[in-house]
Amino acid sequence: MTTAQISADPVTRIVIIGGGTAGWMAASVLSKALAGRVSIQLIESDAIGTVGVGEATIPQIRLINHYLGLDENAFLKHCKGTFKLGVQFNNWGRIGDSYMHAFGDLGLPLGPLSFPHYWLRAQQEGVGGDLWNYSLNYQTAMQGRFSRLEKVGTSHLGGIKYAFHFDAGLYARYLRAGCEKRGVSRTEGRIVKTNLRGTDGFIESVTLESGATIAGDLFVDCSGFRGLLIEQALKTGYEDWSHWLPCNRAVTVASEPTGPMRPYTQATARQSGWQWRIPLQHRVGNGHVYSAAHISDDEAAHQLLQNLESPALSDPKTLRFKTGRRQQAWNRNCVALGLAAGFMEPLESTSIHLIQSGISRLVSLFPDRHFDPSLIDHYNRQTQFEYERVRDFLILHFKATQRRDTAFWQTCANMDIPHSLQEKIDLFSTTGRIIREGEELFTEMGWIQVFTGQHIKAQRHHPLADNITQSQLTEFLGNIEKLITHTVPSLPRHADFITHNCRAAA
């Protein structure tokens, strides 16, 4: 087969199954990237609800919003959003502990080394301050401030790195409006049958409850946990990670807005899981993620309601899940995104990012109608690597605990962990090094904050950190600390910044 023949057989029809955040993100990016050369049809049913708990994000979401040309203030007004500078973890290493996985840099690099190497040396020599003294994001978050700060004055210190809290349902609607302007068609209906091609088992079409049949070349499964195409039709298989991530249920409820809108997510460890708190402009999102083997649904809901900071706005809703991933995110002519591709603990707000990276990967490896197996293999290998590295980072939070006060925490502390995670822990514990492989999501700055916050200490530091004297080291650390201490009070209050720039209508 010649190149000319292959390139003359393009994908012309994309069918997206399911709306929600995953479906409309996929439709948004594909309709822009393919610029009208492909028909895109999204099928969703108003009778089938979306999970809708994805209210917290990580900074990479700004990349997709920028690509789609979204005005940030307008987007936040529509989605009633606030800014997020990191995640505060309470009671994880020990009861009474509190630390933050703050976005952005820690301190400044010096010579060939990143900042953490110098901080580790300082700790081992008994000089310098707390790790978060050198985080602009952390200090800004703790003072309840925010600004779109690219850089600190004329210094080399980077500015504030941020993400968002927002209403995921409103975000999907916001994206839908842009999609429809670019020609994406939406079909209301429930799918009752997936029709496979007899020759190779590829998806040929889907049949709706109305009797209508919709055909396509490429199908994108955004049908949530059901995996309507990727699992129910194609029998792809699922890799279960619940032996490493033991929480398998969540009970969620919104509560009234109260007090200042904190520019960070809170994750507070409970007896048999943990509780999130996410401030939006019009409400606070709350959820209790827990292990059903260690607590009943009723008791989990009771604990959630008892620990709210303001009155609930509705009755709690319970969600069941199994952490893990599809054995193939791309099978034949079907690509699964979002919950159809797998589910991770929402602890580090990675759900929407994994949708985003899956779409980006699809655009990069976009097929023609021959669906070259090498493209599919590359997609699946990259997806597996990303999921496994995110999985490891999440497991670390549960494994690295000194709590033994409940059966749940005893189980977490004693569980076996993946070799890839054990290697990271061992390398840091002995040498102070954190090696980021390939394009794994979490950086050295993220890993060291969780290691430090949960009491995993390095025995040594990088030898090149000894190239400066202790007085030079002390001066280096002190200058960074002074710069941050001077900068943060000059920033506006988070609530004031929202009021002046992106306050939603009442």
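A charge sits over a ring if NZ of Lys or CZ of Arg is within 6 Å of the ring centre and within 35 degrees of the ring normal. Select Arg361 and Tyr379 to see a case: the charged end of Arg361 sits over the ring of Tyr379, 5.6 Å from its centre. Then select Lys32 and Tyr67, where Lys32 lies over the face of Tyr67 at 5.5 Å from the ring centre.

The model is predicted: local features need pLDDT of at least 70, side-chain atom pairs count only at pLDDT 80 or more, and totals for chains, interfaces and linings use all residues. Residues are numbered from 1 along each chain as its sequence is written, and side-chain values use heavy atoms, with hydrogens and water left out.

**Aromatic rings**

Rings of Phe, Tyr and Trp (its six-membered ring) pair if their centres lie within 6.5 Å; planes under 30 degrees apart count as stacked, over 60 as edge-to-face and the rest as tilted. Across the whole structure, 34 aromatic pairs are found. Select Phe89 and Trp92, an edge-to-face pair with 5.9 Å centre to centre and 85° between the planes. Phe89 is buried at a relative accessible area of 0%, and Trp92 is also buried, at 0%. Buried means under 20% relative accessible area, exposed over 50%, and partly exposed in between (1.4 Å probe, protein chains only).

Next select Trp274 and Trp276, a tilted pair with 6.1 Å centre to centre and 50° between the planes. Trp274 is buried at 1% relative accessibility, and Trp276 is buried at 7%.

**Helix 2 and helix 10**

Helices (H or I, at least four residues) and strands (E, at least two) are DSSP runs, numbered from the N terminus. Select residues 20–33, helix 2, and residues 351–364, helix 10: they pack at an angle of about 30°, with axes 10 Å apart. Helix 2 is therefore roughly parallel to helix 10. Axes are lines fitted to C-alpha atoms, for helices over the stretch in contact, and angles run from 0 to 180 degrees between N-to-C directions. Angles under 35 degrees count as roughly parallel, over 145 as roughly antiparallel, 65 to 115 as roughly perpendicular and the rest as oblique.

Which residues of helix 2 make the contact? They are Thr21, Ala22, Met25, Ala26, Val29, Leu30 and Ala33, and the partners in helix 10 include Ile352, Ile355 and Ile359. Contact means heavy atoms within 4.5 Å.

**Helix 5 and its surroundings**

Select helix 5 (residues 115–124) and helix 15 (residues 470–487), which pack at an angle of about 120° with their axes 11 Å apart. The two helices are therefore oblique to each other. Phe115, Tyr118, Arg121 and Ala122 of helix 5 meet Gln470, Leu473, Phe476, Leu477 and Ile480 of helix 15.

How many residues of helix 5 are buried? The count is 8 of its 10 residues, among them His117, Trp119 and Leu120. After helix 5 comes Gly126, with a positive phi near 75°.

**Ser205**

Finally, select Ser205 in strand 9 (residues 203–208). Ser205 is buried at 7% relative accessibility. Leaving aside neighbours within four places in sequence, Ser205 is in contact with Lys193, Thr194, Asn195, Thr213, Ile214, Ala215 and Phe219.
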